[in-house]
Amino acid sequence: MAGSSVASSSQPPTADDGAPSYPSWVLLDRRVYFAHHENATTREVKTSTDQEVQISFCPADPPAVSHFCIHSPQIRREDYTFEPRVVSSAENLVLICLAFRTAPRSTDEDTDLVEFFVCKAGSGGNLSFEPVPCSPTGTRHSYHAGIVPRDGGNFLVADLSPRVDRGRYDLLVFSSETNKWTSTYLQLQTPAEVLPRDLPGLPDKVISLGGSVVGWVDLWRGIVFCDILEKEPLLTFIPLPTTAFDLHWTGQAQKVRDVTCLNGYISFVEIEHCHRKPVKRRSFKMTQNLDTADFILDKACLVHDDLDSKPEPVPDGWKIRTMFRDISWDHWKRRHTVHVNDISAVPGQSALISQMWDGGVLKYALRNMKTIGFPFFDVFGDDVVYFMSKVEPDDDVSWIVGVDLEGKQLEIIEPFSAASASFFDSTVLPCAFSEYMNATPRHVFLLWSPYAELVAASFSQNDVLNNHFLLGDTIPIASSAQNGVLNGYLPLGNIVPDNVEPQNTLNVTRYDGSWS
């Protein structure tokens, strides 16, 4: 899809028969834009102070980026503590966070009034926005709240607010069934070998781990998670592997890492910019040169080099590595490790930017894109990783790039640009809530787990049975359908047989490597 990757149309995509058709999944910009952008999805909601706000959804087919817009004649931009954000999504729900100033703007000691709005997607392009009552006075939010769907159209909102001492939290949970918030003090349970520096700080994101299990992710240190419906939730810690290129965690983790839950497993991706040691050539000769030479010229005996200088490492491309695990394991398993030199670029796609032509090897080379970051998976699996990229660091145009790690080839490349967007704030949220806006589901597919063979190679079949879909869920498979379907796996693109009644299916269309 050529042009800007942020949807600019005021109308949703339309099918040939004139009925609205929405993408089966979207790349949702986490920023909510200040814009008066009315379309068929525009709805009016009221804040806790009875002020009207208009919210609109602007969809786009991936890899173009979809986004929400917000507008209110009664609220000025300076009345917001920070830019409105999309914080999480699950099934047909999207959670949007707004933060207002609670006192006159001339007061520096203001506290933030955080408000959440739940966007519910329904068939026929129907969207509704339900305000969540403000949490009790004195509670603080992390701005990384999770949304958990419940039966009967109900939902839970869960936020883990860190206290001053690391490892101590307040779990804030809102239930739409009771219309109330609850607050529970939790202390992180960690093994003795976990040191204070290992404990997670402020979360970078929140993820759903299946059912009512929610995880908060510090992309440098690890994941804390719990079942928010338990009477006494047990807060548990999963460490993330330490990276060699930032041992002190000084950089922005989202630029090089991401974590999500795919098909019942936690998936992790990291981008590393590689360097090779340079060979320092001196301009003078030393006595050891006579080991191989017969003479040394007088001018070669003069030392003109800075003897204390150290040569700078030479950039040598980049690599992407992915790992996965179950929450019950005590280890991470390798999935992919791919260096940019091993990735094939398709001429038809890479010709979009002539700078990708490498005259040295007479082919298009992805390594010519020198600045990359913000990796993420799509909603189908971990074979394809997307990231933002620039050919040169000072370029005005960023690109969204998709790489098939299994096939080691360029999957997609599209320009990414937007008002107020920058390469250094380019986070998107892959989610499937837009599929619920279609009038009728197009197909029903099981999300096949790509980890089946990898897990089976290390564990017995009994160990992995019922662990290959959503965490903690059991998949009932009809006895007549078990033959030829290993542990209930169906590859993407296969329609579920009529005599199989699996739980936890998702109405999505298969991504086949092409985009419309």
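1. Strands here are DSSP runs of E at least two residues long, numbered from the N terminus. By that rule H71 sits in strand β4. The model is predicted. In it, H71 is partly exposed, at 25% relative accessibility. Its contacts, leaving out residues up to four places away in sequence, are A35, H36, V53 and Q54. Y33 is 38 residues from H71 in sequence. In space, the two are 8.6 Å apart, C-alpha to C-alpha.

2. Overall make-up. The protein chain has 3 helices and 27 strands. It holds 516 residues, and buried residues make up 50% of them. Contacts reach along the sequence: among those between residues at least 6 apart, 58% join residues at least 24 apart.

3. Which residues touch the most other members of the largest nonpolar core? They are L28, F68, I96 and F433, out of 26 residues in that core. The elements giving two or more residues to this core are β1 (26-34), β3 (52-58), β4 (65-71), β6 (93-101), β7 (112-122), β8 (126-132) and β27 (428-431). Strand β6 gives the most, with 4 residues.

4. L28 deserves a look by itself. Not counting residues up to four places away in sequence, L28 touches F57, V65, S66, H67, F68, V86, V94, V428, L429, C431 and F433. Two of those partners, F68 and F433, are named with L28 among the core residues that touch the most other members.

5. Aromatic pairs. The count comes to 18. One of them joins F57 and F68, with 5.1 Å from centre to centre and 40° between the planes. That pair is classed as tilted. F57 lies in strand β3 and F68 in strand β4, so the pair ties together parts that are 11 residues apart in sequence.

6. Other ring arrangements. W25, F376, F380 and Y386 make up one aromatic cluster. A charged residue also meets a ring: R325 lies over the face of W332. The distance from the ring centre is 5.3 Å.

7. Cavities. How many cavities of 30 Å³ or more are there? The count is 3. The largest cavity has a volume of about 50 Å³. Its lining is formed by L160, Y169, P200, G201, P203, W216, V217, D218 and V224. Strand β14 (residues 213-218) gives the most to this lining, with 3 residues.

8. Backbone points to check. Most residues other than glycine have a negative phi, and most peptide bonds are trans. The peptide bond from P62 to P63 is cis, with omega near 10°. P63 belongs to the loop between β3 and β4.

9. Positive phi. D50 is a residue other than glycine with a positive phi, near 65°. D50 is placed in the loop between β2 (43-46) and β3. D50 counts as exposed because its relative accessibility is 51%, and the cut-off for exposed is over 50%. Y143 also has a positive phi near 65° and is not a glycine. Y143 lies in the loop between β8 and β9 (146-149). At 26% relative accessibility, Y143 counts as partly exposed.

10. Where does V148 lie? V148 is in strand β9. V148 is buried, at a relative accessible area of 4%. Its contacts are N154, F155, L156, G211, S212, V214 and I228, leaving aside neighbours within four places in sequence. A90 is 58 residues from V148 along the chain. Their C-alpha atoms are separated by 6.6 Å.

Methods: Residues numbered from 1 in each chain as written. Predicted model: local features only at pLDDT ≥ 70, side-chain atom pairs only at ≥ 80, totals over all residues. Heavy atoms only, no water. Core = buried A, V, L, I, M, F, W, Y, C linked by side-chain atoms within 4.5 Å. Buried < 20%, exposed > 50% of the residue type's maximum accessible area, 1.4 Å probe, protein only. Contact = heavy atoms within 4.5 Å. Phe/Tyr/Trp six-rings, centres within 6.5 Å; stacked < 30°, edge-to-face > 60°. Lys NZ or Arg CZ within 6 Å of the ring centre and 35° of its normal. 1 Å grid on protein atoms, 1.4 Å probe; cavity = no way out; pocket = protein on both sides within 12 Å on 5 of 7 lines; lining within 4 Å. Points joined across faces, edges and corners; volume = space filled by probe spheres on them.
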